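Thanks for coming. I will take a few minutes to walk through one protein, starting with the whole chain and ending with a few side chains.

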Amino acid sequence: MLRSYSVGLIGASEVPSCKNVYIMGPIFTVPKYIFCTLACILYVYICRFFKKVLTTHSESVLEKEQLSCKEFRDYLLRHERIVKRVKDFENVMSLPILFLVMYDSLEMIFGFVDLDPFGEFSVTARKQNLIWFNLFTSLRALISFLCVSLAAASVASASDRAKKGQQEILKLVHASTVQEKIELLLFIKVHNCPPLVLSAGGCIYFTNSLIFTAFCSVLTYSLLM
């Protein structure tokens with residue numbers, strides 16, 4: 001309600017008295033922001049963990065001068081298990097992160113509207129008091145969105161590097177017989193995993209280009225309001 005009033009989406013007659021707003025406002029807003037912040041921190045921490053696991057797993061094998069077929073198969077199986085864990089994590093967190101990203105996007109839109117660069121909204125004393133609150137929450141939303149997007153995109157980058165690293169690792173494999181080479185090629189084909197790209201609800205895919213696209217979208221919608 002504070003958001004809607006500050007940007008002129010609802011009238012002053014629909015807003016409770018200042019006393020009620022200042023008393024009840026924190027009771028409803030503080031737990032919401034705490035929950036969103038904790039969800040963001042948890043998501044970022046787990047993404048950083050999976051990024052480190054993917055990177056370490058590839059680098060540990062690349063340090064060797066030569067690999068047997070068995071060692072390479074074990075490497076692919078371990079990589080497959082890591083990918084499965086990441087996908088399980090995505091399935092669990094996909095919907096909550098979608099809501100979080102959508103909420104943060106709305107907060108950023110309202111924050112830009114609060115700046116009122118074209119002077120479209122009249123500024124009253126009550127609205128002036130809410131500007132700092134809105135800018136603070138918008139800044140929190142921006143930081144949350146950047147942290148979530150960058151952390152998820154880092155997992156995609158690590159997965160892509162691991163996929164490219166498999167080609168380098170394959171050069172280290174020593175297959176002494178034709179049968180071993182055939183079995184190895186068949187094994188690679190069966191256990192070939194595409195690079196991971198984490199998503200939010202299957203709607204938003206976290207890549208390095210997402211941040212620029214999201215910023216342009218938020219700016220566009222803000223100008224249209």
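Among contacts in the protein between residues at least 6 apart in sequence, what percentage join residues at least 24 apart? The figure is 85%. Please keep in mind that this is a predicted model.

Confidence comes next. The mean pLDDT for the protein is 75, and 68% of the residues reach at least 70. Strand β3, residues 199–200, has the highest confidence, at 88, while helix α1, residues 2–6, has the lowest, at a mean of 46. Across residues 4–16 the pLDDT falls below 50, and in the model this stretch has 30 contacts beyond near neighbours in sequence.

Now the overall layout. The protein has six helices and four strands. In sequence order they run α-α-β-α-α-β-α-β-β-α. Of its 225 residues, 39% count as buried. The accessible surface is about 13,500 Å², and carbon and sulfur atoms account for 68% of that.

The UniProt record, an unreviewed entry, places the feature "transmembrane region" at residues 20–46, 92–113, 133–156 and 196–224. I can compare two of those ranges with the model. Residues 92–113 are 100% helix and 0% strand, with 34 Å between the end C-alpha atoms. Residues 133–156 are also 100% helix and 0% strand, and there the end C-alpha atoms are 35 Å apart.

On to charged side chains. In general, side chains of opposite charge can pair when their charged atoms come close. How many salt bridges does the count come to? It comes to three.

One of them joins K84 and D88, with 3.4 Å from N to O. Both residues belong to helix α3, residues 69–115, and sit four residues apart, about one turn of the helix. K84 is partly exposed, at a relative accessible area of 47%, and D88 is partly exposed as well, at 33%.

Another pairs D160 with K164, whose closest N and O atoms are 3.4 Å apart. These two lie in helix α4, again four residues apart, about one turn of the helix. D160 is partly exposed, with a relative accessible area of 30%, whereas K164 is exposed, at 55%.

The remaining bridge is between D104 and R140, at 3.0 Å from N to O. D104 lies in helix α3 and R140 in helix α4, so this pair ties together parts that are 36 residues apart in sequence. Are D104 and R140 buried or exposed? Both are buried.

Let me stay with R140 for a moment. Its helix, α4, covers residues 125–171. Why does R140 count as buried? Because its relative accessibility is 13%, and the cut-off for buried is under 20%. Setting aside residues up to four places away in sequence, R140 touches Y33, C36, T37, Y103 and D104.

Q166 counts as buried because its relative accessibility is 10%. Beyond its neighbours within four places in sequence, Q166 is in contact with F72, Y75, L76 and H79. The C-alpha atoms of Q166 and V61 are 9.5 Å apart, although these residues are separated by 105 residues along the chain.

Technical notes. Residues are numbered from 1 along each chain as its sequence is written. This is a predicted model: local features need pLDDT of at least 70, side-chain atom pairs count only at pLDDT 80 or more; totals for chains, interfaces and linings use all residues. Side-chain values use heavy atoms; hydrogens and water are left out. pLDDT is the predictor's confidence in each residue, from 0 to 100. Contact means heavy atoms within 4.5 Å. Buried means under 20% relative accessible area, exposed over 50%, partly exposed in between (1.4 Å probe, protein chains only). UniProt positions are given in the numbering used here, feature names are shortened, and annotations may be inferred rather than shown by experiment. Accessible areas come from the Shrake-Rupley method with a 1.4 Å probe; for residues, only the protein chains shown count as cover. A salt bridge is a side-chain nitrogen of Lys or Arg within 4 Å of a carboxyl oxygen of Asp or Glu.
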